[in-house]
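Have the sequence and the 3D view open as you read.

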Amino acid sequence: MLGRNEFILVLASGFTSAWLLAHGWTICGLIMFLAFLSKFSELRGPRKLAVPDDFNVVVIGAGVSGIGIGKRLNDIGVKYVILEKSGDLGGTWYDNMYPGVACDVPSHLYSFSYFMNPDWSRAYSKGKEIHNYLRKAASSFGVYPHVKFNTRVKSCVWNDKTARWKVTTTEGEEYTANILISGSGALHVPKLPPFKGKDDFKGPNFHTALWDKNFDPKGKKVAVVGTGASSVQCVPGLVERGVSELRVFQRTPGWVPPRLDYEYPELVKTMFRIFPFTNAMHRWFFFWRNEFRFRCIFTQDAWITKKISTYVHNLVRKHYSHVIKDKDLLKKLTPNFSMGCKRITPSDTYLQAFNEKHVHLITERVSEITENGIKTADGVHHEVDAIVYATGFDLQKSARPFTQIGADGKNLSETWGDAPAAYLGIVHEDNPNWFILLGPGTGLGHNSIIYMIECQVNYTIDAIKKLVNSGARSMSIKK
């Protein structure tokens with residue numbers, strides 16, 4: 001069932017399409033009319049499935065994927081439980097609390113299409129605001145009562161005779177499921193480099209995803225290892241918190257174009273609340289702008305895209321020259337490869353942080369961690385009070401957080417080897433009645449991952465409907 005805002009959106013799109021058609025804007029009017037018909041069909045709400053009393057679904061993970069699939073399962077009236085390893089939902093937005101944590105996708109796009117938020121405080125919201133949004137969404141969707149927190153899954157085993165999955169937790173609890181849905185995410189196992197002497201360091205040291213809540217960086221000498229997405233946010237955050245000295249250890253520079261962040265005036269937020277279709281149009285703008293950027297910057301199969309891509313690269317290089325004062329530093333921070341070879345990490349404050357006298361860029365390879373610092377390959381010892389590892393996540397371990405035995409009797413991890421694969425990134429031939437959200441090959445770096453998850457949820461719900469309506473016990477793709 002559509003909410004009040006969505007109901008107003010339906011009315012607005014209907015009146016708008018009529019006005020456009022009446023004033024000769026035929027094509028625009030027809031497009032708006034199709035949007036009106038699409039939303040109008042949802043006014044009655046989704047139809048409930050006639051499922052047996054013992055039919056149930058087990059969902060693993062209560063991040064964006066778990067919340068999204070939970071909402072849709074509620075819509076169609078299917079019983080389910082979500083098993084979440086942490087103490088609250090939100091996934092990466094619950095786990096990550098380092099200084100400056102935020103999303104580099106616009107907030108109005110990095111949100112559920114059916115639960116738009118007119119009150120985002122800024123274009124690129126901080127982590128805490130995103131987490132609060134997800135909690136509000138879960139509450140609105142009625143997902144909370146279905147979540148079992150602090151419950152880590154150990155194994156999932158398919159039983160061909162019963163056509164069900166047996167899910168076992170690390171505490172020994174067992175669940176049976178007609179449908180198993182993995183929404184454990186792709187970025188939840190921190191990757192720590194195996195530096196020599198890493199365990200010898202006496203001061204605070206931790207990964208950005210395992211931030212020590214009691215750590216106060218003010219007045220301390222801090223080292224940040226890594227220059228990826230987390231580092232680009234964490235470095236300016238540490239500067240703001242008053243570190244006495246900050247050393248950033250860089251292996252490879254990244255592309256850091258300006259993010260162009262800004263706060264939304266109250267007037268704009270009021271407009272989004274009163275006229276929800278303006279909120280939707282704002283969201284659509286971001287979506288198609290990002291798609292256009294991808295076509296122009298990353299594809300060079302036409303002369304025009306080659307020209308645009310070259311122009312954009314030169315424009316960002318000019319931005320580097322403008323904001324970085326030291327020429328030697330400029331050379332070290334400027335990539336010698338094209339955008340997209342490494343994740344683009346927009347920021348309005350990262351490059352500027354290196355202009356501060358107490359912020360230093362170290363490009364020599366780390367050779368050893370000592371009791372009180374970091375030694376680099378050139379023999380220099382950098383004495384620090386704390387080390388922050390902004391070294392990303394182990395994608396292989398994140399993709400296989402538990403043992404999963406399919407219909408072939410094999411562990412899915414062994415079947416995958418070093419190259420996880422699934423049909424459309426969602427289903428696997430040897431694992432019946434199993435769906436993975438944000439699975440292999442479905443991550444993207446230019447637009448909203450929540451949009452991708454919504455598409456995968458739609459596929460999963462459609463498959464569940466077909467299974468139930470057909471009367472079959474199991475389903476899997478053809479080999």
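Here is a short briefing on strands, a helix, cysteines and aromatic rings.

This is a predicted model, where local features need pLDDT of at least 70 and side-chain atom pairs count only at pLDDT 80 or more, while totals for chains, interfaces and linings use all residues. Residues are numbered from 1 along each chain as its sequence is written, and side-chain values use heavy atoms, with hydrogens and water left out.

**Strands around S4**

- Helices (H or I, at least four residues) and strands (E, at least two) are DSSP runs, numbered from the N terminus.
- Strand S4 (residues 153–159) pairs with strand S5 (residues 164–169) in the antiparallel sense, over six bridges; two strands pair if DSSP finds at least two bridges between them.
- S4 and S5 make a hairpin with four residues between them, and Ala-163 in the turn has a positive phi of about 55°.
- S4 also pairs with strand S16 (residues 403–405), in the parallel sense and over three bridges.
- Look for Val-157: it stands opposite Lys-166 in S5 and opposite Ile-405 in S16.

**Arg-164 and its contacts**

- Arg-164 sits in strand S5.
- Its side chain is joined to that of Asp-54 by a polar contact of 3.0 Å. A polar contact is a pair of N or O atoms within 3.5 Å; within protein, one must be able to donate a hydrogen and the other to accept it, and residues adjacent in sequence count only if both atoms are side-chain atoms.
- Leaving out residues up to four places away in sequence, Arg-164 touches several residues, including Asn-56, Trp-158 and Thr-176; contact means heavy atoms within 4.5 Å.

**Helix H3**

- Helix H3 (residues 64–76) has 13 residues, which at 1.5 Å a residue should span 18 Å, and its end C-alpha atoms are 19 Å apart, which agrees. The expected span is 1.5 Å times one less than the number of residues.
- H3 is largely enclosed by the rest of the structure, because 13 of its 13 residues are buried. Buried means under 20% relative accessible area, exposed over 50%, and partly exposed in between (1.4 Å probe, protein chains only).

**Cysteines**

- A search of the whole structure turns up zero disulfides, a disulfide being a pair of cysteine sulfur atoms within 2.5 Å.
- Why is Cys-234 too far for a bond? The closest cysteine sulfur, in Cys-103, is 17 Å from its own.
- Cys-234 is buried, at 0% relative accessibility, whereas Cys-455 is partly exposed, at 35%.

**Aromatic rings**

- The whole structure holds 23 aromatic pairs. Rings of Phe, Tyr and Trp (its six-membered ring) pair if their centres lie within 6.5 Å; planes under 30 degrees apart count as stacked, over 60 as edge-to-face and the rest as tilted.
- Trp-255 and Tyr-320 are an edge-to-face pair, 6.2 Å centre to centre with 70° between the planes.
- Trp-255 lies in the loop between strand S10 (245–249) and helix H7 (266–274), and Tyr-320 lies in helix H9 (residues 303–323), so the pair ties together parts that are 65 residues apart in sequence.
- Trp-255 is buried, with a relative accessible area of 1%, and Tyr-320 is buried too, at 0%.
- Trp-416 and Trp-434 form a tilted pair, because their ring centres are 6.4 Å apart and their planes are at 50°.
- One aromatic cluster is formed by Phe-112, Tyr-114, Phe-115, Trp-120, Tyr-133 and Phe-141.
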